[in-house]
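Here is a short report on pockets and a surface patch. Please look over the structure first.

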Amino acid sequence: GSSTPFHSDVFGSFSWSANIVGRKRWIFCPPGEEKKVQTSPHNFVYDLFNQQSQKLQDKNGNVKFVEVLQESGDLIFVPSGWFHQVENLEDTISINHNWFNAANAHLIYSNLLVELGRVEHEIADCKAVGP
């Protein structure tokens, strides 16, 4: 089935996923475990179970994770900053929502500043271009 690669939600937000129909396999990693499968700054493996990930885990230690099967009618909460990947085990319809509040606002702010720096770096060459 379709899947979502290994990631943490946008800017470190919380999220929930309500499964209307179908089944999903979630893999959750506590904060810090993602560093074991980091391929470069701010980049991580696509799949915790692929060959690239296995090589990194052989070098850096096995990633600790929790596996959850989500059935029709189940609601999953995704904590802020937790990396995860999701596989649809059959045709699935779900509703998802991301948010932040005072509990993770500092993380959101920090991540926004990092992203701003990346964007400024990427467009720096455009500043020299003018009319």
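Which elements each supply at least two residues of the lining of the largest pocket? They are β1 (3-7) and α2 (105-123). Helices (H or I, at least four residues) and strands (E, at least two) are DSSP runs, numbered from the N terminus.

This is a predicted model; local features need pLDDT of at least 70, side-chain atom pairs count only at pLDDT 80 or more, and totals for chains, interfaces and linings use all residues. Residues are numbered from 1 along each chain as its sequence is written, and side-chain values use heavy atoms, without hydrogens and water.

**Pockets**

A pocket is an open set of points on a 1 Å grid over the protein atoms alone, where a 1.4 Å probe fits, with protein on both sides within 12 Å along at least five of seven lines; lining residues have an atom within 4 Å of a point.

In the largest pocket, S8, H42, F44, F83 and N111 lie nearest the centre, among 25 lining residues. Helix α2 gives the most to this lining, with 5 residues.

The second largest pocket has 13 lining residues, and H7, D9, W26, H84 and N96 are the closest to its centre. Here β2 gives the most, with 3 residues.

**Surface patch**

I20, V21, I93 and I95 make a nonpolar surface patch of about 350 Å². β2 (14-21) and β9 (93-99) each supply at least two of its residues. V21 lies in strand β2.

Terms used:
Patches are made of residues with over 30% relative accessible area and no salt bridge: like charges are joined within 9 Å, nonpolar side chains (Val, Leu, Ile, Met, Phe, Trp, Tyr) within 5 Å. Accessible areas come from the Shrake-Rupley method with a 1.4 Å probe; for residues, only the protein chains shown count as cover. A salt bridge is a side-chain nitrogen of Lys or Arg within 4 Å of a carboxyl oxygen of Asp or Glu.
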